Amino acid sequence: MSKLRLLKINNVLLSEGPEELSDMLRFLEWHFYPSKSLPTFLQVDELVELHMPNSNIEQLWYGHK
């Protein structure tokens with residue numbers, strides 16, 4: 001998934017978030033995202049849109065970005 005630019009996840013229930021996502025990700029839509037924050041390794045330089053309805057997000061990430 002190293003060149004993934006668009007990711008939409010809907011109607012999937014997971015116990016925890018991903019261990020890896022593309023640094024080229026531009027659009028992320030994930031209904032019912034299970035974790036309280038986005039992964040610390042996620043590079044958001046290219047991210048343009050973020051949609052996380054009904055998720056467990058408390059803050060986008062921990063630390064500095």
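## Basis of the values

The model is predicted, so local features need pLDDT of at least 70 and side-chain atom pairs count only at pLDDT 80 or more, while totals for chains, interfaces and linings use all residues. Residues are numbered from 1 along each chain as its sequence is written, and side-chain values use heavy atoms, with hydrogens and water left out.

## Tryptophan 30

Tryptophan 30 belongs to strand β2; strands are DSSP runs of E with at least two residues, numbered from the N terminus. The relative accessible area of tryptophan 30 is 3%, so this residue is buried (buried means under 20% relative accessible area, exposed over 50%, and partly exposed in between, with a 1.4 Å probe and protein chains only). Accessible areas come from the Shrake-Rupley method with a 1.4 Å probe, and for residues only the protein chains shown count as cover.

With neighbours within four places in sequence left aside, the contacts of tryptophan 30 are Ile9, Leu14, Pro18, His51, Met52 and Pro53, where contact means heavy atoms within 4.5 Å. For tryptophan 30 and histidine 51, the C-alpha to C-alpha distance is 6.4 Å, at a sequence separation of 21 residues.

## Salt bridges

A salt bridge is a side-chain nitrogen of Lys or Arg within 4 Å of a carboxyl oxygen of Asp or Glu. This rule gives two salt bridges. In one of them, arginine 26 pairs with glutamate 46, and the closest N and O atoms are 3.3 Å apart. Arginine 26 sits in the loop between β1 and β2 and glutamate 46 in the loop between β2 and β3, so the pair ties together parts 20 residues apart in sequence. Arginine 26 is partly exposed at 39% relative accessible area, and glutamate 46 is partly exposed at 34%.

A salt bridge also joins glutamate 58 to lysine 36, with 3.9 Å between the closest N and O atoms. This pair links distant parts of the chain, 22 residues apart: glutamate 58 is in the segment after β3 and lysine 36 in the loop between β2 and β3. Glutamate 58 counts as exposed, with 57% relative accessibility. Lysine 36 is partly exposed, its relative accessible area being 48%.

Tryptophan 61 is located in the segment after β3 and is partly exposed, with a relative accessible area of 23%. Apart from neighbours within four places in sequence, tryptophan 61 is in contact with Ser37, Leu38 and Val44. Lysine 36 and tryptophan 61, 25 residues apart along the chain, have C-alpha atoms separated by 8.5 Å. For tryptophan 61 and leucine 42, the C-alpha distance is 9.0 Å and the sequence separation is 19 residues.

Lysine 36 is placed in the loop between β2 (27-30) and β3 (49-51). Phenylalanine 41 is found in the loop between β2 and β3, where it counts as partly exposed at 32% relative accessibility.

## Positive phi angles

Most residues other than glycine have a negative phi. Asparagine 11, a residue other than glycine, has a positive phi near 60°. Asparagine 11 lies in the loop between β1 (6-9) and β2 and is exposed, with 71% relative accessible area.

Asparagine 54 is not a glycine, yet its phi is positive, at about 55°. Asparagine 54 is in the segment after β3 and counts as exposed at 52% relative accessibility.

## Negative surface patch

Glu16, Glu19, Glu20, Asp23 and Asp45 form a patch of negative charge on the surface. Patches are made of residues with over 30% relative accessible area and no salt bridge; like charges are joined within 9 Å, and nonpolar side chains (Val, Leu, Ile, Met, Phe, Trp, Tyr) within 5 Å. Lys and Arg count as positive and Asp and Glu as negative, while His and the chain ends are not counted. The place of a charge is taken as NZ of Lys, CZ of Arg, CG of Asp or CD of Glu. One member of the patch, glutamate 16, lies in the loop between β1 and β2.

Key. Helices (H or I, at least four residues) and strands (E, at least two) are DSSP runs, numbered from the N terminus.
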